[in-house]
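Dear colleague,

I am handing over the structure below, together with some notes on what was found in it. Please read the notes with the structure open beside them.

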Amino acid sequence: MSKTVVHVLRHGEVHNPDGILYGRLPGFRLSELGVQMAKAAAQGLAEREVVHVVASPLERAQQTAEPIAAQFGLPVGVDERLIESANWFEGKKVSPGDGSFRDPRNWWVLRDPVTPSWGEAYRAIAERMFGALQAARVAAEGREAVLVSHQLPIWTLRRYVERKRLWHDPRKRQCGLASLTSFHFDGAKVVGIGYSEPAAHLIAMSPTARTAKGA
């Protein structure tokens with residue numbers, strides 16, 4: 001059977017001066033530090049045999065994919081399945097300690113954290129992300145592919161592949177800015193999952209890494 005690796009990359013830091021949860025909103029691009037993170041991710045993949053690059057349609061993901069695609073002389077494909085998850089709080093300021101979760105007007109949205117009730121179902125996220133993962137595996141069979149997506153979809157995909165429950169504590173996600181979650185395939189079967197942070201030296205400089213308002 002062929003050995004294939006699909007790297008799922010989280011985009012870099014986003015310019016978000018108002019500190020809102022930007023979700024799927026258009027117009028949110030990488031910050032200057034985020035651009036550096038994208039370049040660091042590309043450098044981290046420089047010795048790999050990447051033949052396929054696809055990203056979420058959102059600007060920040062497309063920007064993060066560009067230096068990788070350029071490095072390998074490839075186009076950046078678009079896969080809608082890689083998009084950020086839908087969220088009722090999109091466009092609002094939501095952060096720990098700001099009172100959003102204690103506001104009675106929001107309680108109906110927070111009624112079911114397992115599904116969850118405030119946005120796209122974890123199961124739906126997992127299934128669309130797994131479909132994108134398998135499509136990339138087929139496209140890069142025997143070599144390597146890069147998919148650029150967002151924190152919650154990437155972490156949900158990983159838990160799905162690892163056969164863990166999909167609901168989780170967001171504070172415990174292992175999915176830093178510009179991080180790579182790498183799925184190793186033997187044929188169509190995932191035989192290993194790796195994780196690396198090629199932009200770790202830049203993450204330490206990012207306030208977004210500590211108080212993310214979107215992913």
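Please keep in mind throughout that this is a predicted model.

Aromatic pairs

A pair of aromatic rings is described by the distance of the centres and the angle of the planes. The count of such pairs here comes to two. In one of them, the ring centres of Tyr22 and Phe28 are 5.0 Å apart and the planes stand at 25°, which is under the 30 degrees required, so this pair is stacked. Both partners fall below the 20% limit for burial, since Tyr22 has a relative accessibility of 2% and therefore counts as buried, while Phe28, at 15%, counts as buried as well.

Phe130 and Tyr160 also form an aromatic pair, in this case edge-to-face, with 5.6 Å from centre to centre and 65° between the planes. This pair links distant parts of the chain, for Phe130 belongs to helix α3 (residues 122-139) and Tyr160 to helix α4 (residues 151-161), the two being 30 residues apart. Phe130 has a relative accessibility of 26% and therefore counts as partly exposed, and Tyr160, at 25%, likewise counts as partly exposed.

Charges over rings

Two arginines are placed over aromatic rings in the following way. The charged end of Arg137 sits over the ring of Phe185, at 5.8 Å from the centre of that ring, and Arg165 lies over the face of Trp167, with 3.9 Å to the ring centre.

The second largest pocket

Rolling a probe the size of a water molecule over the atoms shows where empty space is left. The second largest pocket holds about 230 Å³ of space. Which residues of its lining lie nearest the centre of this pocket? They are Phe130, Arg159, Tyr160, Val161 and Arg163, out of 13 lining residues, and among them are Phe130 and Tyr160, the partners of the edge-to-face pair described above. Helices α3 and α4 and strand β6 (189-196) each supply at least two residues of this lining. By class, the lining of the second largest pocket is made up of six nonpolar, six charged and one polar residue.

Salt bridges

How many salt bridges does a search of the whole structure find? The search finds eight, and three of them may be worth looking at in turn.

Glu120 forms a salt bridge with Arg24, in which the closest N and O atoms are 3.4 Å apart. Glu120, at 16% relative accessibility, counts as buried, whereas Arg24, at 31%, counts as partly exposed. Arg24 and Glu120 are also linked with Arg128 in a network of salt bridges.

The side chains of Glu144 and Arg48 meet in a salt bridge too, at 3.0 Å from N to O. Because Glu144 lies in strand β4 (residues 144-149) and Arg48 in the loop between α1 and β2 (50-55), this pair ties together parts that are 96 residues apart in sequence. Here Glu144 counts as buried at 10% relative accessibility, while Arg48 counts as partly exposed at 36%.

Glu162 forms a salt bridge with Lys164, with the closest N and O atoms 3.4 Å apart. Glu162 is partly exposed at 27% relative accessibility, and Lys164 is partly exposed with a relative accessible area of 45%.

Two loop residues

Is His11 buried or exposed? With a relative accessible area of 0%, His11 is buried, and this residue lies in the loop between β1 and α1. Its C-alpha atom is separated by 6.4 Å from that of His150, although the two residues are 139 residues apart along the chain.

Lys93, by contrast, is exposed, with a relative accessible area of 57%, and is found in the loop between β3 and α3. The C-alpha atoms of Lys93 and Asp18 are separated by 8.1 Å, and these two residues are 75 residues apart along the chain.

Technical notes
Residues are numbered from 1 along each chain as its sequence is written. This is a predicted model: local features need pLDDT of at least 70, side-chain atom pairs count only at pLDDT 80 or more; totals for chains, interfaces and linings use all residues. Side-chain values use heavy atoms; hydrogens and water are left out. Rings of Phe, Tyr and Trp (its six-membered ring) pair if their centres lie within 6.5 Å; planes under 30 degrees apart count as stacked, over 60 as edge-to-face and the rest as tilted. Buried means under 20% relative accessible area, exposed over 50%, partly exposed in between (1.4 Å probe, protein chains only). Helices (H or I, at least four residues) and strands (E, at least two) are DSSP runs, numbered from the N terminus. A charge sits over a ring if NZ of Lys or CZ of Arg is within 6 Å of the ring centre and within 35 degrees of the ring normal. On a 1 Å grid over the protein atoms alone, a cavity is a set of points where a 1.4 Å probe fits but cannot get out, and a pocket is an open set with protein on both sides within 12 Å along at least five of seven lines; lining residues have an atom within 4 Å of a point. Grid points are joined across faces, edges and corners, and a volume is the space filled by probe spheres set on the points. Ala, Val, Leu, Ile, Met, Phe, Trp, Tyr, Cys and Pro count as nonpolar, Asp, Glu, Lys and Arg as charged, and the others, Gly among them, as polar. A salt bridge is a side-chain nitrogen of Lys or Arg within 4 Å of a carboxyl oxygen of Asp or Glu.
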